[in-house]
Amino acid sequence: MQKIYAKPESLNKVSSPYCPGCLHGVAQKLMAQALDSLGLREKSIIVMGVGCVSLGRTYFNMDMVPAAHGRAPAVATGVKRIRPDRFVFTYQGDGDLAAIGTSEIIHCANRGENITTLFINNATYGMTGGQMAPTTLVGQTSTTTPAGRDPKTTGYPLKMAEIIATLEAPAYVARFALNSPANILKAAKGIETAFRMQVENKGFSFVELLSNCPTNWHMKPLDALATIEKNMIPYYPLGEFKVRK
Amino acid sequence: MGKQFIKGCEAIAEAAIRAGCTFYAGYPITPQNEIPEYMSARMPDLGRTFIQGESEIASISMLYGASAVGARVMTSSSGPGMALKAEGISYLASADLPAVIVNVSRSGPGMGKISPAQTDYWFSVKASGHGGYKTMVFAPANVQEAVNLTYEAFDYADRDRNPVIVLADGIIGAMMESVSLPEFKTVFPDKSGWVADGCEAREPRIIKNSAVDNETWEKYKISRAGMYESWRKNDVRVEEYLVEDAEFILTGYGTCARIAKTAVRELRAEGMKVGLIRPITLQPFPYESYRRLDPARVRAILDVEMSIPVQMIEDVQLGVCNKIPVFPLGRDGGFTPLHQDIITEMKRISAGQGGE
């Protein structure tokens, strides 16, 4: 019998720890498939962020260095400088990367460290229970913006891909969404492009993935997918912002 | 190799290089800027890594990554910068990652003064980060000792898979002295059994900084507590000078101990039986040296520190179990206790006027 589909080798054969309808599993599968197709698993070191991302700890079948909140890009810098022959990537959520770790990601990108960052943006703090994230949309309710995010006191959602694309050093900066098969296919291609940048020593690559949180958004999974399309994509445009040839 | 006339901070940096430090990340702060400056010039020539981090937090996190793949790593800072590194030091400890952290201390709290002081004793010895762990803390009293202790700190860090703090002060960092530099280390411990450097031909590894279940975490904490206990048995370093027949004891660490030693010599010349106890390891603390003092002979201890309030005095008091009175002599704000001040205070104590 011909095998036409299998779980990527870069993921362990364990069940997902994520809530029903959560897109972390999709994001992780895309990363794992890209690692498999480029033959990178055995030379990979994943630097794990915090929050729901860290639930992937049992999931990835490769060496792993868990970082403190926000510090993954700095930790990855240390790893890569000592082992430039290894494939090093960080996996971080929005509270991790765009709030407490804003400094680390900007400066890592600005140094052009030859690593890759996968940034999963679901506009909320998932693990701590749905507080306002730096990427929470204007008007979106959260446990710390019960009346909806008010830009007068909390400013506007940070567009991390656009911010990083303003820097000189990064080789690849893009944003994709995980809400439909068509968008997932584009994301898969983008993640592989980002990984190739590192393999070809072209420098820092960054992929933002628009995701969801049915639990803290208090939505059914399908409604959460529709919300990405209706509310997130208009504010966070999809596409490649920077591609080094 | 002959002696070199060299500044404390630069000597510390060169000692680290000779100990096999291949990764340094740091952030400028007075009075230790000569360390990153020296490293920036020297490390690339040796094919090693120097990074000026965007912050203390990033710098210590970079050490965490480099240590996780097996490098010998160092950072350096002073008071306010150490506070920022506290997060990373705790994470290094939680993940069993070796690292050497040099604190060339100044006067705090807060911004305080950039001038030399010893106000980071509690911070270094009792809690250099959250969560209840210990690191060995070395306290050099001259530039040669700063070289030797930094050089050895890397071996202790690797032995224990734990951070080690070298607590110098601004005087040691800025002072120039003639020192012998050690040879370049060529033999290093094998870390292939634990580093997370890619899983070719083996099972994947996770650098753990927590545990899935409470039982595993408690067992881990018990094993680390056992390690701290073993330091107290095996790794205490202390200098005892003319303690045998002493009726009065001066005590202090680093620069203050050096000044106190001069006071001991002068008081001895005047016929007063004074000795010195100088902790070299502040963690593990040489409690035994104080416990051994005979209360029937030793009338008082004078603890000299560049800190107000004095801090080490609490450990000295624990050592003597209230059987011998301990008096403080603290200066702060960049002032150094002079040996004349120590002599005057010692005589007052001898006349029964101590602490007045």
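Guide: Let's begin with one term: a residue counts as lining a space if it has an atom within 4 Å of one of the grid points in that space. Keep in mind that this is a predicted model.

Visitor: Got it. How many cavities of 30 Å³ or more are there?

Guide: The count comes to three cavities.

Visitor: Let's take the second largest cavity. Which element gives the most to its lining?

Guide: That is H6(B), with three residues. Helix H6 (143–160) and strand S5 (99–107) of chain B each supply at least two residues of that lining.

Visitor: Which residues line the second largest cavity?

Guide: The lining is made up of Ala71(B), Arg72(B), Val73(B), Pro98(B), Ala99(B), Val100(B), Phe154(B), Ala157(B), Asp158(B) and Lys191(B). By class, there are seven nonpolar, no polar and three charged residues in this lining.

Visitor: And what lines the largest cavity?

Guide: Chain A brings Ala67(A), Ala68(A), Arg71(A) and Val75(A), while chain B brings Ser61(B), Tyr64(B), Glu87(B), Gly88(B) and Tyr91(B). Five of these lining residues are nonpolar, two are polar and two are charged.

Visitor: Okay, pockets now. How much space lies in the largest pocket?

Guide: About 420 Å³. Its lining has 29 residues, and those nearest the centre of the pocket are Gly51(A), Cys52(A), Tyr125(A), Gly126(A) and Met127(A).

Visitor: Which elements give two or more residues to that lining?

Guide: In chain A, those are helix H3 (94–100) and helix H8 (214–217). The largest share, four residues, comes from H3(A).

Visitor: What about the classes of residue in the pocket lining?

Guide: The lining of the largest pocket has 14 nonpolar, 13 polar and two charged residues.

Visitor: Changing topic: at what angle do H9 and H12 of chain B pack?

Guide: Helix H9 (residues 254–269) and helix H12 (residues 339–350) of chain B pack at about 55°, and their axes are 8 Å apart. That angle makes H9(B) oblique to H12(B). H9(B) passes H12(B) in a right-handed crossing.

Visitor: Which residues make that contact?

Guide: From H9(B) come Ile259(B), Ala260(B), Thr262(B), Ala263(B), Glu266(B) and Leu267(B), and from H12(B) come His339(B), Ile342(B), Ile343(B), Met346(B) and Lys347(B). Where H9(B) and H12(B) touch, the residues are seven nonpolar, two polar and two charged.

Visitor: How about H1 and H2 of chain B, at what angle do they pack?

Guide: Helix H1 (residues 8–18) and helix H2 (residues 34–42) of chain B pack at about 45°, with axes 8 Å apart. So H1(B) is oblique to H2(B), and their crossing is right-handed.

Visitor: Who meets whom between H1(B) and H2(B)?

Guide: On the H1(B) side are Cys9(B), Glu10(B), Ile12(B), Ala13(B), Glu14(B), Ala16(B) and Ile17(B). They meet Glu34(B), Ile35(B), Tyr38(B), Met39(B) and Arg42(B) in H2(B). The contact of H1(B) with H2(B) has eight nonpolar, no polar and four charged residues.

Visitor: Great, thanks for the tour!

Methods. Residues are numbered from 1 along each chain as its sequence is written. Chains are lettered from A and ligands numbered from 1 in the order in which they are written. This is a predicted model: local features need pLDDT of at least 70, side-chain atom pairs count only at pLDDT 80 or more; totals for chains, interfaces and linings use all residues. Side-chain values use heavy atoms; hydrogens and water are left out. Axes are lines fitted to C-alpha atoms, for helices over the stretch in contact, and angles run from 0 to 180 degrees between N-to-C directions. Angles under 35 degrees count as roughly parallel, over 145 as roughly antiparallel, 65 to 115 as roughly perpendicular and the rest as oblique. A crossing is left-handed if the near helix is turned anticlockwise from the far one by less than a right angle, and right-handed if clockwise. Contact means heavy atoms within 4.5 Å. Ala, Val, Leu, Ile, Met, Phe, Trp, Tyr, Cys and Pro count as nonpolar, Asp, Glu, Lys and Arg as charged, and the others, Gly among them, as polar. On a 1 Å grid over the protein atoms alone, a cavity is a set of points where a 1.4 Å probe fits but cannot get out, and a pocket is an open set with protein on both sides within 12 Å along at least five of seven lines; lining residues have an atom within 4 Å of a point. Grid points are joined across faces, edges and corners, and a volume is the space filled by probe spheres set on the points.
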